[in-house]
Amino acid sequence: MNLMNRQQSGHSGELSISKGQSEHGVVVGNTYDKYSARNPIVRLIMRGFERALQGLVANCAPKSIHEVGCGEGYWTLLWAEQGFDVRGSDFSDMVVSMARSNASARGLNQNMFRCRSVYDLNPIEDCSDLLVCCEVLEHLEHPSEALEVLRAVGARRVILSVPREPLWSFMNMARGKYWSDFGNTPGHIQRWSQETFLSLVGQYFHIREVRAPLPWTMVLAEPREIM
């Protein structure tokens, strides 16, 4: 399948999602299915995110993709449907089970998903041409350790994204959500401005491109040599 057809392919059907359930005291997966939202503003925002992410993936022209923190599998499944050699991993047994069910509902191989924490990735089993780790780092107690592991896996390129603060929280409050937590989404324990996130990522990766789909920071990067 050529790249143009890959970009134009899309999902059929909606995902089974966790809807904010927790596992071992940690909120897992998606609080709500933003990818199938009917709210026109949410749909506009998600189109911006998709354009940014798919644009970076196209620029990389990867031979293989490993989505780290794949949740219920939206992107992994989309890339599989577009013909990429792809797999997904997540620390949560619950959402990996959902991802496998979502794969089965689309007639795709359930074995593309496995249960593994970002902290436990290794070069032998988890390396791919492109690592994608979107909407994950804000959930982690030790994001610097996770970035170190992602660098050590040895992928040629890495795509990372996180909510851009304080804009993310302001937008949550504007839609009447999470007022008691000043707009902070459940499960988000790290909060970065674009500047502070780029500074953190730059310690481990050479940043090649920055995109800012409202309200996220997204980067394409290459690993720095480990000294």
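Figure 1. Cys 134 stands opposite Ser 161 in strand 7. Five bridges join strand 6 (residues 130–134) to strand 7, and the two run parallel. Strands pair if DSSP finds at least two bridges between them. Helices (H or I, at least four residues) and strands (E, at least two) are DSSP runs, numbered from the N terminus. The model is predicted: local features need pLDDT of at least 70, side-chain atom pairs count only at pLDDT 80 or more, and totals for chains, interfaces and linings use all residues. Residues are numbered from 1 along each chain as its sequence is written, and side-chain values use heavy atoms, with hydrogens and water left out.

**Figure 2. Strand 7 is mostly covered**. Seven of its seven residues are buried. Buried means under 20% relative accessible area, exposed over 50%, and partly exposed in between (1.4 Å probe, protein chains only). In a regular strand the side chains alternate between the two faces of the sheet. Here Arg 157, Ile 159, Ser 161 and Pro 163 point one way. Val 158, Leu 160 and Val 162 point the other way.

Figure 3. Strand 4 (residues 85–90) and strand 5 run parallel, joined by three bridges. In this pairing, Ser 89 stands opposite Arg 114 in strand 5.

**Figure 4. Glu 67 is a buried residue of strand 3**. Strand 3 spans residues 64–68. Glu 67 has 4% relative accessibility, so it counts as buried. Its side chain and that of Thr 76 are joined by a polar contact of 2.5 Å. A polar contact is a pair of N or O atoms within 3.5 Å; within protein, one must be able to donate a hydrogen and the other to accept it, and residues adjacent in sequence count only if both atoms are side-chain atoms. Leaving aside neighbours within four places in sequence, Glu 67 is in contact with Trp 75, Thr 76, Trp 79, Arg 87, Gly 88, Ser 89 and Val 132. Contact means heavy atoms within 4.5 Å.

**Figure 5. Six aromatic residues form one cluster**. The members are Phe 49, Tyr 74, Trp 75, Trp 79, Trp 168 and Trp 216. The whole structure holds six aromatic pairs. Tyr 74 and Trp 75 form an edge-to-face pair, 4.9 Å centre to centre with 85° between the planes. Rings of Phe, Tyr and Trp (its six-membered ring) pair if their centres lie within 6.5 Å; planes under 30 degrees apart count as stacked, over 60 as edge-to-face and the rest as tilted. Both Tyr 74 and Trp 75 are buried. The rings of Trp 168 and Trp 216 have centres 5.6 Å apart and planes at 65°, so this pair is edge-to-face. Trp 168 lies in helix 7 (residues 167–174) and Trp 216 in strand 9 (residues 216–223), so the pair ties together parts that are 48 residues apart in sequence. Trp 168 counts as buried at 13% relative accessibility, and Trp 216 at 3%.

**Figure 6. Pro 62 sits in the loop between helix 2 and strand 3**. Helix 2 (residues 40–60) has 21 residues and reaches 30 Å from its first C-alpha to its last. That is close to the expected 30 Å, which is 1.5 Å times one less than the number of residues. Just after helix 2, Ala 61 takes a positive phi of about 45°. Pro 62 is buried, at 6% relative accessibility. Pro 62 and Arg 157 are 95 residues apart in sequence, yet 8.7 Å apart in space, C-alpha to C-alpha.

**Figure 7. Asn 184 lies in the loop between helix 7 and helix 8**. Asn 184 counts as buried, at 13% relative accessibility. Its side chain reaches the backbone oxygen of His 188 at 2.8 Å.
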